[in-house]
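Subject: Structure for your review

Dear colleague,

Please find below the structure that I am handing over to you. My notes on it follow directly after, arranged by topic.

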Amino acid sequence: MRPNPAKLEHAGAAAGSVGGRGAPAGAAPADAARPSARDRGLALLDALRRRPELLGLLALAAVLYLWALSRNGWANDYYSAAVRSMSTSWHDFLYGSFDSSGLMTVDKPPMALWVEALSVRLFGYSSLPILVPQALMGMASAALTYDLVRRSFGRVAGFVGGLALVLTPVTVAISRHNNPDALLVLCSVAAIWFLVRGLQDGRTKWIVLSGVAVGLGFETKMGAALLVVPGIALAWMWIAPRGRGLLDAARQLTLGGIALAVVGLAWPVLVWLTPAADRPWVGGSTDNSIWSLIMDYNGLGRLDGQAGGPGGGAGGGPGGGGGGAGSVFGGDSGPLRLLGSSLGGQVGWILGVAVVGGLGLLVATRLKRSDARSGWLIAVGGAFATSAVAFSFAQGIFHPYYVSALAPFAAALVGAAAGLVLEGGVRGRIVGAAAVAGGAITTLAVLHSSGDMGWLAPLVGVGATATLVALALPGVTTRIRNAVLAAMLALLLFAPASWSFQTLGHATSSTFPAGGPASAGMGGGPGGGPGGRGGPPGMSQQGGGGFGGPPGMTQQGSTGTTQSGTTQSGQAGGMGGPGGGAGGMFGGEDLTEALAYVKSHGGGTIAIASQSGASASIIQSGASVAGIGGFSGRESTVSIDWLANAVASGKVRWVISSDSTSGGFGGGGIGNDGRAGSETALTAAARVGTQTSVSGLYDLQGKAAALKALGS
C-alpha cells in the first residue's frame, strides 16, 4: 500500500508541534546555525520548485487579479484622491489626510493608503501603481492560505484550500480594487499562519508576530481586524500549556497581546497626542476624537447599529434592507444573510463545504491536545465562526465586500475537508458525503437567491446524487471515490469560478466592489465606465469617475481613465448628475467654474460638504478642495468654531454652500438619516461670507472673527 502524503505531512507536523511527541518545543541541535537571508531565499525558491501546485495557484491568482486591471480606472476615487494628497506631503501622508490642505483624514487608518502612496511616489500617480499592490496582496493571501492548510493536511488539501480562496468572487473584487480590504485579509491570514507555526514549535516569536499582524490589520481597518483574536487566544491557551506550562503559555500570549497593542495603537496614539490644530480632523468622527472613530464608526457601531446603517435610523437607502442584488448594506441581517442575494454570490458558494470541514475536524480531533490539528481548528474555525456570526447579524453600516475577511478561513476549512477525505476510511467517506451535501445545499441556495445560472441547479442536484450513490456503493475503490469527489468539487467551484472570471469583464463599482457579473455590484451594471461610482440598480451610466444620479438617470461622467490612460469625455471635473451641485447618490459636484474663479482670485482651499464631491477634482488636477463633512458630507460633524479657526490659519478661504450640498446627498435618497455633518458650518459660512459670481461659492477672507462670533 502506498503511504498517504497527507498522513505523512500531518505526522511530521505533529512530531514538531507543541503537543506532539519528540523533541521539546523550541528545541534545536546545539550546533545548528541560524540560516542567513540568502539561505532562506534559496530555500523558498526550492520550495516553490518542488511544489508546482503552488506555482499554478499563484499563476491563476495573477490572471484573475491583474488581467485588464486598468479597466477599473481609479477604482474607489475617494481613496485614490487621498493617495494623491498623501503622496505630495509627508505630513498628509503621516496622518492620512484626504486633502492637500490637511483639513480632514479619511475614515479609516492609513496603513493601506501608505502602501499605495509609497507606490505612487515610486512609479508616478496613475491607477496601476495604486491597484497593483492590492493584487500582490491577494496573491500573498492565497499563498499563505495554501501553506496554512498544507502544514496540517498535505499538499493536495493545501491546493484545494488555496484554489477555493482564489476563486471566491469577493476575493477577486477586492484584489482588483483600492479599498483597504485586501491588506486586511492578508494581515488576518498572516496572523493565523504565524499562530499555527507557533503551535508547531512553541517559540514565542510566532505568537508575537501573530500579534504584530493583527496590529497591522487594526491600522488598516480597525475593529474588523480583531475578529481573528478570539480564535488565536483560545488556540494558544488550549495547546501551548501541554509543552510549556500554563504560566509560560500565558506569558507568551501576553507578549503577543502587547505586540498587537503597540503596533495597532501606534497611529491612533500619534493622532491623540498631536494637538488638534496641528493635524487634520479625524474623518468619520463627530468630535474629532480618534477613540470615537475606533469605538463607534469603525467599531461597535458596525455591529449594534449606527446612523447611516440599516439598523441605525432611516439610513437604509436603496437596497438597504431588501437584500437585492445591488444592496448597499448586504441585505437583512439574520442566520441566512450570507446566502442571500447580496452576500451569497460573493462568498456563500463554499460555506456548506467549509462548515462540514470544521465539524468533521472537530469529530476527528475531539480537540485533543495531542492532536496538532486541534489548535489549527480552534484558530481557523474560530476566525471563521466569529466572522460569520458578526457579518450575519451586524446592524450598522455593512457592505457586501466586507465578507472578504471571511473568505480565507472558509477556504481553509474547505481544504481541511479535502484533507479528511484523503485520509480515507469510513471517516473520509462520511466527510466526503457530508461535504457534497453541504456544498450542494449552499450552491443551490445562492443560485436561487442570485437568480443567475439557473441551468446549473439541475446539474448540481444530479451530480450530488450521483456522487452520494458512488460513495455508498460497496466495492468502489478509493481511487474511483476520490475521482468522483474531485469531479463534484469541480462542479461546486464552477459557479464561483464563473463569477470570478466575469469580474474581469467590467469595471468594478468604485464604492462597493463586488465579484461576479456586472449586475452583482452596486451600480456596476453594463455601461459603468472605468472608475465610475455607480448609483442604485437600474441606472444607466456612461463614462467613468462620475457618481451615480437618481435611479433611471442617464449620466455622462468624467475623470475616469481608459485602458490607455486617457480621460473619458464628459464634464471636466464633473462628479454628479446634470446641473452640478450635489447631484448623485454621494453628492458629487462639478467644481470647474468654482476652481477657475478661485484660481483667478488669489487661490486658496475650497471647503465643500463631502469628500466624495471633492474626489474627482483632486484626482484630475490635485486641486485644493476639502470635504469637511466626511465621505458623504454627513459623517463628520464639524463645528463653526473649527471652520473659523481653519479660515484664520489660512487653511480655508472659500466655501461652497447651497441647498444642494446639505449632507452631500442632495437632500434625498439615503441621506435622510438624521446626520447633520457639515451642514451647520457651511450654512454659517454662507451667512458671513462674501457671495461671488459663482453660484454657491463664498469668499471667507477676513471673515474668521465674524464666523467665530456666529458660532459662539
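How many aromatic pairs does the count come to? In this predicted model, the count comes to 18 aromatic pairs. A pair of aromatic rings is described by the distance of the centres and the angle of the planes. Two of the pairs are set out here in those terms.

The rings of Tyr78 and Phe631 have centres 4.9 Å apart and planes at 75°. Planes over 60 degrees apart count as edge-to-face, so this pair is edge-to-face. The two residues come from distant parts of the chain, 553 residues apart. Tyr78 belongs to helix α4 (residues 77-86), while Phe631 sits in the loop between β4 (625-627) and α26 (640-648).

Trp455 is in the loop between α21 (425-450) and α22 (456-472), and Phe494 is in helix α23 (residues 478-502), so the pair ties together parts that lie 39 residues apart in sequence. Phe494 has a relative accessibility of 38% and therefore counts as partly exposed.

Ring pairs also form a cluster, which links Tyr78, Tyr79, Phe98 and Phe631.

The chain as a whole

The secondary structure of the protein chain comprises 28 helices and seven strands. Of its 712 residues, 60% are buried. Among the contacts with a separation of 6 or more, 68% are between residues 24 or more positions apart.

Helices that meet

Helix α11 (residues 204-221) and helix α14 (residues 246-264) have axes that come within 7 Å and cross at roughly 30°. Because angles under 35 degrees count as roughly parallel, α11 is roughly parallel to α14. The crossing of α11 and α14 is right-handed. The contact of α11 with α14 involves eleven nonpolar, six polar and two charged residues. From α11 the residues in contact include Ile207, Val208, Gly211 and Phe218, and from α14 they include Leu253, Leu255, Gly256 and Ala259.

A second meeting has another geometry to consider. The axes of helix α2 (residues 37-50) and helix α3 (residues 52-66) come within 5 Å and cross at roughly 90°, which means that α2 is roughly perpendicular to α3. Leu48, Arg49 and Arg50 of α2 make this contact with Pro52, Leu54 and Leu55 of α3. By class, the contact of α2 with α3 has four nonpolar residues, no polar ones and two charged ones.

Which residues of helix α27 (residues 679-688) are buried? They are Ala681, Leu682, Ala684, Ala685, Ala686 and Val688. The elements that cover these buried residues of α27 include β3 (606-608), α26, β5 (654-656), β6 (690-691), β7 (697-699) and α28 (704-711).

Leu293 is part of helix α16 (residues 290-304). Its relative accessible area is 1%, so Leu293 is buried. Leu293 and Val282 are eleven residues apart in sequence, and their C-alpha atoms are 7.6 Å apart in space. Not counting residues up to four places away in sequence, Leu293 touches Asp107, Met222, Val282, Gly283, Gly284, Ser285, Asn298 and Gly299.

Trp349 is located in the loop between α17 (344-347) and α18 (351-365). With a relative accessibility of 3%, Trp349 counts as buried. Trp349 and Ala440 are 91 residues apart in sequence, yet 8.7 Å apart in space from C-alpha to C-alpha. Leaving aside neighbours within four places in sequence, the contacts of Trp349 include Pro169, Gly439, Thr443, Leu447, Met453 and Trp499.

Positive phi values

Most residues other than glycine have a negative phi. Asn288 has a positive phi, near 65°. Asn288 lies in the loop between α15 (266-273) and α16, and its relative accessibility of 11% means that Asn288 counts as buried. Arg366 also has a positive phi, near 50°. Arg366 is in the loop between α18 and α19 (372-393). Is Arg366 buried or exposed? Its relative accessible area is 65%, so Arg366 is exposed.

Yours sincerely,
A colleague

Conventions. Residues numbered from 1 in each chain as written. Predicted model: local features only at pLDDT ≥ 70, side-chain atom pairs only at ≥ 80, totals over all residues. Heavy atoms only, no water. Axes fitted to C-alpha atoms, helices over the stretch in contact; angles between N-to-C directions. Helix = DSSP H or I, 4+ residues; strand = E, 2+ residues; numbered from the N terminus. Parallel < 35°, antiparallel > 145°, perpendicular 65-115°, else oblique. Left-handed = near helix turned anticlockwise from the far one by under 90°. Contact = heavy atoms within 4.5 Å. Nonpolar A, V, L, I, M, F, W, Y, C, P; charged D, E, K, R; others polar. Phe/Tyr/Trp six-rings, centres within 6.5 Å; stacked < 30°, edge-to-face > 60°. Buried < 20%, exposed > 50% of the residue type's maximum accessible area, 1.4 Å probe, protein only.
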